[in-house]
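Me: Before we go through this chain, I would like each label set against the rule behind it. Please take the terms one at a time.

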Amino acid sequence: MSIRVKILGSNSAAPAHKRHQTSQLLFIEGQMYLMDCGEGTQLLLKRYHVKIQRIDNIFISHLHGDHYLGVMGLLSTMHLTGRKKSLNLYAPAGLAEIITLQLKHSETIFNFDINFVAVDPTVNKVVHEDDFVSVSSIPLNHRIPCGGFLFSEKPKKRRINKEMLPAEFSVRNIIKLKNGEDILDQEGKVLYKNEALTFPPKRIYKYAFCSDTKYDESIIPIIAGVDLLYHETTFLEEHMDRAANTYHSTAKEAATIAKKANVGKLLMGHFSIRYKDLEPLRQEAQTIFPNSELAIEGEDFILDDIQ
Ligand SMILES: [Zn+2]
Ligand SMILES: [Zn+2]
């Protein structure tokens, strides 16, 4: 599986209607990436049987409580349940100060290191890279500094065609095949053409997470063509004044961004507590961008060639 987005929380402001504040867990090639961590996130991770010690990277978009108040609880549980492995925390600079202050007054020293990376949410630049993915910040337009995150998969290796593979093929040769090389004999003649024993690599997917923002077309060049765009849809168009005043977006506005950016699918979330029924939000978005779906808690959104 290439990318799986698990929705943990999709509400704005406060818990309501059995919905929780923003948090999503991304799975890429077996790695987990936590995006935003509203209050109660660790309980939701438990509900969905996620092993929290396997989370090595946490990304926080901004320092409104509905996006980060769960961080301290989650880190504390990691500490109390024996974590030793270091953890990368990507967030606006103020979060390091908040965590340090809490640790100071509880006279606690975590048993693991936090590699804190201060993200400047006003610029679009790479903040994290590993073997599988590159993550860059997306400047958003919110009441306080706020940055989304663009996850771009790295190029993948060719896939072995097991049925065609000769018996007793060495691991070294399999690695060569995955890297696109032919298998040569000692004189340098081709023994096996790569294409005869492999399938092309799986395609690369991109996921953009745009947490809190008012309508702002300046993000379009950054998110253009992504396979899945999460863009907040806090309000219906009938509450557009409220959206503008609070630096949030309506469903129609998010759908307009999705359409202009030519994305594959729009994932809607950060729902206002004033809406118990989310269906009108979905319908409003779909009038502009038909492939719009609600980020319902517990659901998975999968990007893969083979589903
Ligand atoms: Zn929010
Ligand atoms: Zn906010």
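Me: How do you know which features can be discussed at all?

Reply: This is a predicted model, in which local features need pLDDT of at least 70 and side-chain atom pairs count only at pLDDT 80 or more, while totals for chains, interfaces and linings use all residues. Residues are numbered from 1 along each chain as its sequence is written, and chains are lettered from A and ligands numbered from 1 in the order in which they are written.

Me: Why is Leu 87 called buried?

Reply: A residue is buried if 20 or more other C-beta atoms, placed from the backbone, lie within 10 Å of its own, exposed if 12 or fewer do, and partly exposed in between. Leu 87 has 20 other C-beta atoms within 10 Å, and is therefore buried. Leu 87 belongs to strand S5 (residues 87–91), and, leaving aside residues up to four places away in sequence, touches Asp 56, Ile 58, Phe 112, Ile 114 and Asn 115 (contact requires C-beta atoms, placed from the backbone, within 7 Å).

Me: And why is Asp 131 called exposed?

Reply: Asp 131 has 8 other C-beta atoms within 10 Å, so the label exposed applies. Asp 131 sits in the loop between S7 and strand S8 (133–139), and its C-alpha atom is separated by 9.0 Å from that of Glu 153, 22 residues apart along the chain.

Me: What makes strand S2 largely enclosed by the rest of the structure?

Reply: Five of the six residues of strand S2 (residues 23–28) are buried, and therefore the strand is largely enclosed by the rest of the structure.

Me: What makes the seven-stranded sheet open and mixed?

Reply: Its strands follow the order S7-S8-S9-S14-S15-S16-S17 with mixed pairing, and the edge strands, S7 (126–129) and S17 (292–294), each pair on one side only. Within it, strand S14 (residues 206–210) runs parallel to strand S15 (residues 228–232) over four bridges, where Ala 208 is partnered by Leu 229.

Me: What makes up the largest nonpolar core?

Reply: A nonpolar core is a set of buried Ala, Val, Leu, Ile, Met, Phe, Trp, Tyr and Cys residues joined through C-beta atoms within 7 Å. The largest has 69 residues, and those with the most contacts inside it are Tyr 207, Ala 208, Leu 229 and Leu 266. Helix H9 (residues 251–260) supplies the largest share, five residues.

Me: How do you know that the length of helix H4 agrees with expectation?

Reply: The expected span is 1.5 Å times one less than the number of residues. For the 12 residues of helix H4 (residues 94–105) this should be 16 Å, and the end C-alpha atoms are 17 Å apart, which agrees. Just after H4, Glu 107 takes a positive phi of about 50 degrees.

Definitions and conventions
Two strands pair if DSSP finds at least two bridges between them. Helices (H or I, at least four residues) and strands (E, at least two) are DSSP runs, numbered from the N terminus. Two residues are in contact if their C-beta atoms, placed from the backbone, lie within 7 Å.
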